Amino acid sequence: TLEVLKVSPIPADIITLGAEGLRNIWHDAKLRGRGYSRANDIVSYAKTSVGLTDGTAAGKEAVRWFAEQIIKLNEQLAVIETELHKKCMEIPYAENILEINGVGENILAGILAEMGDISRFDDVKEIQKLSGMGLVACSSGKHKGKTKISHRGRKRLRYWLFQAAKSAVSHAHEFKQLHVYYTTRVNNPLKKMQSLIVIACKILRVIYTILKTGTTYDPKKMLKDIKHPVNVTSKAAA
């Protein structure tokens, strides 16, 4: 709030306020977190501070100005996020895509904005190529190199798909399992970056399928790529 802006984080002011004064400000501003338990530490640090004492008036004014700008930007961001939520809900089957843990409205909006009208694509591979995640062989003459993604296409689409992969691996159990499998399997284990690219393409296929057919998201289907090792003893016994 603007009332908080009247207080400046200058060490001398913090010492004057004391731990209880800091807690009162946080309470009035409805701030939560570790601050309440750290108030005494903050005052202690202020007492041993060797910061400059000259020009504090200008410093306070600068802090106040920056704080005002942050508050204004947060208010504008809240308006944008509200509009973004409304637009996302206008997209057919968007709620099905948002069932993927880690793929939120910001990521979904970014992917769809860069992808455009889904009806103009006959196959998901066309979108993969558009994103620059299509596979190409790095070869020259008689030399045959490794297969890599092309990086040709819409950089922002590739960015949002990669963000979706990272977020899904962090928050969705099924994608976390896939990531572990891809990077630790015995045959052809992938590096972490390669695994994330594969998962990004998988998420793209899921989004494409949902938008095309209206199907619901099924986490169990994500685990079909995991090939569990056959128990040789059990197989022989059978």
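## The nonpolar cores

In this predicted model, the largest nonpolar core is made up of 42 residues, and those with the most contacts inside it are Ile111, Met115, Ile127, Phe175 and Ile203. At least two residues of this core are supplied by each of helix H4 (94-97), helix H5 (105-115), helix H6 (124-130), H7, H8 and helix H9 (192-213), and the largest share, 11 residues, comes from H9. In soluble globular proteins, nonpolar side chains tend to be buried together.

Leaving aside residues up to four places away in sequence, methionine 115 touches Arg120, Phe121, Ile127, Leu130, Arg154, Leu157, Leu204 and Leu211. There is also a second, separate core of 7 residues, which includes Ile14, Leu22, Ala39 and Val43.

## Where H7 meets H8

The axes of helix H7 (residues 155-171) and helix H8 (residues 173-184) come within 6 Å of each other and cross at roughly 100°; because angles of 65 to 115 degrees count as roughly perpendicular, H7 and H8 are described in that way.

On the H7 side of this contact are Ala168, Val169, Ser170 and His171, which meet His173, Phe175, Lys176 and His179 in H8. The residues of the contact divide into 3 nonpolar, 4 polar and 1 charged.

## Cysteines

Cysteine 88 has a relative accessibility of 1% and therefore counts as buried, and cysteine 201, at 7% relative accessibility, counts as buried as well, since the cut-off for buried is under 20%. A search of the whole structure finds 0 disulfides.

Key
Residues numbered from 1 in each chain as written. Predicted model: local features only at pLDDT ≥ 70, side-chain atom pairs only at ≥ 80, totals over all residues. Heavy atoms only, no water. Axes fitted to C-alpha atoms, helices over the stretch in contact; angles between N-to-C directions. Helix = DSSP H or I, 4+ residues; strand = E, 2+ residues; numbered from the N terminus. Parallel < 35°, antiparallel > 145°, perpendicular 65-115°, else oblique. Contact = heavy atoms within 4.5 Å. Nonpolar A, V, L, I, M, F, W, Y, C, P; charged D, E, K, R; others polar. Disulfide = S-S within 2.5 Å. Buried < 20%, exposed > 50% of the residue type's maximum accessible area, 1.4 Å probe, protein only. Core = buried A, V, L, I, M, F, W, Y, C linked by side-chain atoms within 4.5 Å.
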